[in-house]
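Q: Could you show me how to read a few features of this model, beginning with the surroundings of its ligand?

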Amino acid sequence: MTDNAMEFQSLVEQTKPTPHHIERAEIIKSLIPDNQGGIGAEIGVYKGQLIRPILDIVSPQELHIIDPWYLLGKEWQWGEESRSTTQALLAILAAYEDEFVSKRLVLHVGSSLDLLSTFPDDYFDWVYLDTIHTYEHTLRELNLLKLKVKKEGVIIGDDWNPEPTQPQHDLYRAVTEFVEAENYELIYADTNNTQWAIRK
Ligand SMILES: C[S@@+](CC[C@H](N)C(=O)[O-])C[C@H]1O[C@@H](n2cnc3c(N)ncnc32)[C@H](O)[C@@H]1O
């Protein structure tokens, strides 16, 4: 292998899913309308490890991936191995070239709060929300998503933690308050795998 080919290969390695990613895709599939396909979004993508399981297991016609990557800076302040935001994005471009060209996968570089408002209303059958999980940010995302996800659609996410002493409890607080205020239904919540889902 040439040095370039080896570099390319090690970039693509970053996008390989863990068993957790495969489990998440199976949960998404079990919760979405007709258990398959549709138009979906992963909001908060990081190194793209959930993309392949979503494409293979959930099988969406169109998957939008939304993350600021380099707009947050050269590196994330957390994470294992490479923290480079541009390397993560390059890896995703390299690993999913065919899906980008066929337009089954659509890239959006920017914040959820800026980009979600650019989609038509009632556009998504489902979204997977996995961004910064603060109270204020999550509530703002949910208030945008209530317009952008179809009536029968589902908002699914990560980091469900009902324990008030835990940092991710802010997300739990935002989701439960939103459900109450907007007459949504909590259709899935699991403290072991920390996944949750709501529907109108
Ligand atoms: C926990 S990681 C996502 C993990 C990914 N969903 C997975 O399963 O591998 C959180 C991601 O949220 C992204 N993020 C931070 N602020 C964001 C924002 N305002 N809008 C969208 N994504 C954001 C970060 O860049 C980071 O990649």
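A: For sorting residues by class, Ala, Val, Leu, Ile, Met, Phe, Trp, Tyr, Cys and Pro count as nonpolar, Asp, Glu, Lys and Arg as charged, and the others, Gly among them, as polar. By that scheme, the shell around the ligand holds nine nonpolar, six polar and three charged residues. The model is predicted, so local features need pLDDT of at least 70 and side-chain atom pairs count only at pLDDT 80 or more, while totals for chains, interfaces and linings use all residues. Residues are numbered from 1 along each chain as its sequence is written.

Q: Which residues come nearest to the ligand?

A: A residue is near a molecule if its C-beta atom, placed from the backbone, lies within 6 Å of it. Of the 18 residues around the ligand, the nearest are Gly44, Tyr46, Ser111, Ser112 and Asp130.

Q: Which are the buried residues of helix 7?

A: Helices are DSSP runs (H or I, at least four residues), numbered from the N terminus, and a residue is buried if 20 or more other C-beta atoms lie within 10 Å of its own, exposed if 12 or fewer, and partly exposed in between, with C-beta atoms placed from the backbone. In helix 7, Thr138, Glu141, Leu142 and Leu145 are buried. Seen down the helix axis, they fall within an arc of 100 degrees (taken over the directions from the axis to the C-beta atoms), so they line one face of helix 7.

Q: Is Lys103 buried or exposed?

A: Lys103 is exposed, because 9 other C-beta atoms lie within 10 Å. Lys103 sits in the loop between helix 5 (97-101) and strand 3 (105-109), where a strand is a DSSP run of E with at least two residues. Its C-alpha atom is separated by 9.3 Å from that of Gln61, 42 residues apart along the chain.
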